[in-house]
Amino acid sequence: MAEAHGFAPTPSKRFHLTKPQNSPKLAPNPNESPWMEQLPNPPRATIHRLTLGQAQVITLLDGAQPRDSINPPFLMDKSPFEIETIAKDQNLAPDSFENSYTPTLIHLNGQVILIDTGLGAAGRGAHAGRLKTRLTEAGFAPTDVDIVAFTHCHPDHIAGVLEDGVPTFANARYVIGRREFDAWADGTEIPPQRAQNRELFLRTIAPLAPRMTFLEDTQTVVSGLVSQTAFGHSLGHMMYRLESDGQALLIWGDVTNHFVYSLQFPDSPVAFDDDQEAAKETRKRVLDMVVTDRLLVSGHHMPFPALGHVERTAGQYRWIPF
Ligand SMILES: [Zn+2]
């Protein structure tokens, strides 16, 4: 059952720890810059809550940024004419797209698990970095987060974990794929265009190692939440599968980076992918699995609320918004 902007009280103690239940989620905070007004599009929803078995799942919009080119990053094997045709067929702008960032919060069995942390301070002033505000508006304090689970170490997933060098989620422990952590720590396999990203990793993620659990494939994070490897977009990219009372949700991180271009042409090279061949194979494998298993998906870069299903269409795929 989905609830787009509900404020229904919950029996969970978590929701009694913080108080913004009595104010509308979308009301602007007077202490903030008028972020909503800066967005390139009209105001949109920023918090989406749904119930999945015993779990509450909340997707939180960290931000959305306009990009002035489709290729790169997408459809890098297509001509400008082909791209224009593909975009127009889908009623999309032929020369731009919007990149949005949506971490997922799971409240399950008294545990609060945040998957990815948005851009943090680095995104502010650029239509992003609002996760912490969204979290408070959703009824959680940053100190309520028990576990931060990372899909991978690109900036829009890790930068929000620190504020001024201090952990944003003071009580949290961390989980990450072992392959992902090791690749960034070692550095030799990291592509040259990710040099600054590696510096960010060394500043933000590496020091958290003492509070970190390193995950292999199909490892339990908490009962009901299991890791699944999806290498390619980054060298050790991880997904998380939530199951509760027979319902399932796959948080697939950046297996796809665009709701049309990545699904319609999963074989096209994407500049965002660090291992492009592995990313293509993973994309096809995961898309096939999601269709076959009729899985609900949360995708960090899918249009808000970043939830949907996938449909197979003549050898391609189509995103069906939730
Ligand atoms: Zn990303």
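Modeller: What follows sets the labels against their criteria, for a model that is predicted.

Colleague: What makes the backbone at Asn 91 worth a remark?

Modeller: Asn 91 has a positive phi of about 60° although it is not a glycine. Most residues other than glycine have a negative phi.

Colleague: And how do you know that Asp 245 is exposed?

Modeller: The cut-off is again 12 or fewer, and Asp 245 has 11 C-beta neighbours inside 10 Å, so Asp 245 is counted as exposed. Asp 245 is not a glycine, yet its phi is positive, at about 50°, and its place is in the turn of the hairpin that S15 and S16 form, with two residues between them.

Colleague: Why is strand S15 described as largely enclosed?

Modeller: Being buried requires 20 or more other C-beta atoms within 10 Å. Five of the seven residues of S15 (residues 238-244) are buried, so the strand is largely enclosed by the rest of the structure.

Colleague: What makes S15 a paired strand, and which strands are its partners?

Modeller: Two strands pair if there are at least two bridges between them. Five bridges join strand S14 (residues 225-229) to S15, and these strands run antiparallel; five bridges also join S15 to strand S16 (residues 247-253), again antiparallel. On one side Val 226 stands opposite Arg 241, and on the other Ser 244 stands opposite Gln 247.

Colleague: How do you know that S2 and S3 are paired?

Modeller: The requirement is at least two bridges, and six bridges join S2 to strand S3 (residues 55-60), with the two running antiparallel. Thr 51 has Gln 56 in S3 as its bridge partner. In this hairpin, which has two residues between the strands, Gly 53 takes a positive phi near 60°. Strand S2 (residues 47-52) is mostly covered, with five of its six residues buried.

Colleague: Which peptide bonds are called cis, and what are their omega values?

Modeller: The bond from Asn 71 to Pro 72 is cis, with omega near -10°, and a cis bond also joins Phe 304 and Pro 305, where omega is about 15°. Most peptide bonds are trans. Pro 72 lies in the loop between strand S4 (63-67) and helix H3 (80-89), whereas Pro 305 lies in the loop between strand S17 (296-299) and strand S18 (307-313).

Methods
Residues numbered from 1 in each chain as written. Predicted model: local features only at pLDDT ≥ 70, side-chain atom pairs only at ≥ 80, totals over all residues. Helix = DSSP H or I, 4+ residues; strand = E, 2+ residues; numbered from the N terminus.
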